[in-house]
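Me: Got a new structure to look at. Can you walk me through it?
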Amino acid sequence: MAQILAPNSQWQMKITRSSTTASPMTAKMWGSLVLKQNKKGPARSSTKFRVLATKAEGYTINRLEGLLNLDLTPFTDRIIAEYIWIGGSGVDVRSKSRTISKPVEDPSELPKWNYDGSSTGQAPGEDSEVILYPQAIFKDPFRGGNNILVICDAYTPQGEPIPTNKRARAAEIFKNKKVIDEVPWYGIEQEYTLLQTDVKWPLGWPVGGYPGPQGPYYCGAGADKSFGRDISDAHYKACLYAGINISGTNGEVMPGQWEYQVGPSVGIEAGDHIWASRYILERITEQAGVVLTLDPKPIEGDWNGAGCHTNYSTKSMREEGGFEVIKKAILNLSLRHGEHISAYGEGNERRLTGKHETASINTFSWGVANRGCSIRVGRETEKQGKGYLEDRRPASNMDPYIVTSLLAETTLLWEPTLEAEALAAQKLALKV
């Protein structure tokens, strides 16, 4: 089994081999990544990846390490910028590369670009040009050096956000003075499932069969409990290198399922960091020959789904007396439950059943330390009288721009009628 090493100055991705042919991926042995320190020659500052991946039989191993690992910095000031945007499904990430004349530190230094929107389901063929506006920059963990990943949003040539551009609307909300003054923090728990290539069945599961029941897999260790740890670790380190505010990772309840956390992040930054982290995860699973899915219920039956729990607080919630502010926010969230559910991800009705640590999609609820509620408040928050709330409703495929901005809008900008507020408070046993 592959091992992860954490060198100080440079990484390489390499698959260990015992023969000249790729090993087939089976239920017990599958394509993996290894971060291995380069022991040849002096250490250099740029991060380098040696990319070799084993997939199913018949897959050709790429042996272009020398060119892939070229360090361009001694020879040119030019860099490679990978422009990343959200495709027509609202979940897929797309990207393409361009040369920039010199290193940059701010998105405003980058040119706008365009792409064929008719090939991504975002524009008609007769008027297919969509314009990319650079919005956030991250270091590129795949190319290293001064090369960058660029999170973009998409506009028409006339400067109007296209329908799938949810960032533009979120940015408007986060620019509101009331929202700015409250400094909204977000901690997002992104769950995902790894699937075997071709069969599209969870990693580590026998093809066409099932592993033992849930119980030993959550945060478990061992070859019979943890499937995909090297992918999770590679992603963790790549995100740290990129400058993403990733704060942790763990194996999940269903085998083959993992979670990582991003935050605390302020405002629009939360969405930028989640999308950048998703892109990096897609690239790593691509190299490993494993399929990534954000489906909220990838396997039907007595198996946990995949969510994107969103922890949220404002300045007032974090100060003395903040628990009362949290309860007022919960009240507002209860009154807009339907609107939130409709924006919290496709297929979420298969996950929010009232089972497997979820609340029913049709009923709003809240509780202290209760993972079967729509909104959970931690014991420590209750004890200290201040802190944060956790919205457990978002699905793993949710758009973080929508979820974060909607939470801010509902709790900071939207005001219910007094009658509706009183009825909701009585129903939820909230004394606000």
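Predicted model: local features only at pLDDT ≥ 70, side-chain atom pairs only at ≥ 80, totals over all residues.

Me: Okay, which residues of α4 are buried?
Reply: In α4, the buried ones are Asp230, Ile231, Ser232, Ala234, His235, Lys237, Ala238, Cys239, Tyr241 and Ala242. That is ten of the 14 residues, so the helix is largely enclosed by the rest of the structure.

Me: What do the buried residues of α4 pack against?
Reply: Their partners include the strands β4 (129-139), β6 (185-196), β7 (246-251) and β8 (257-266). Helix α5 (269-288) and strand β9 (290-293) are also among them.

Me: And how far apart are the end C-alpha atoms of α4?
Reply: They are 20 Å apart. At 1.5 Å a residue, the 14 residues of α4 (residues 229-242) should span 20 Å, so the two values agree.

Me: What comes just after α4?
Reply: Gly243, with a positive phi of about 100°.

Me: Switching to the sheet. What's the strand order?
Reply: β2-β1-β5-β4-β3. Those five strands form an open sheet with mixed pairing.

Me: Which strands stand at the edges?
Reply: β2 (93-100) and β3 (113-116). Each has a single partner strand, so one side of each has no neighbour in the sheet. From one strand to the next, the twist averages 40°.

Me: How many bridges join β3 to β4?
Reply: Four, and the two strands run antiparallel. Within that pair, Tyr115 has Val130 of β4 as its bridge partner.

Me: What do strands of a sheet pair through?
Reply: Backbone hydrogen bonds, in either a parallel or an antiparallel arrangement.

How values were computed: Residues numbered from 1 in each chain as written. Heavy atoms only, no water. Expected span 1.5 Å × (residues − 1). Buried < 20%, exposed > 50% of the residue type's maximum accessible area, 1.4 Å probe, protein only. Contact = heavy atoms within 4.5 Å. Pairing = 2+ DSSP bridges. Axes fitted to C-alpha atoms, helices over the stretch in contact; angles between N-to-C directions.
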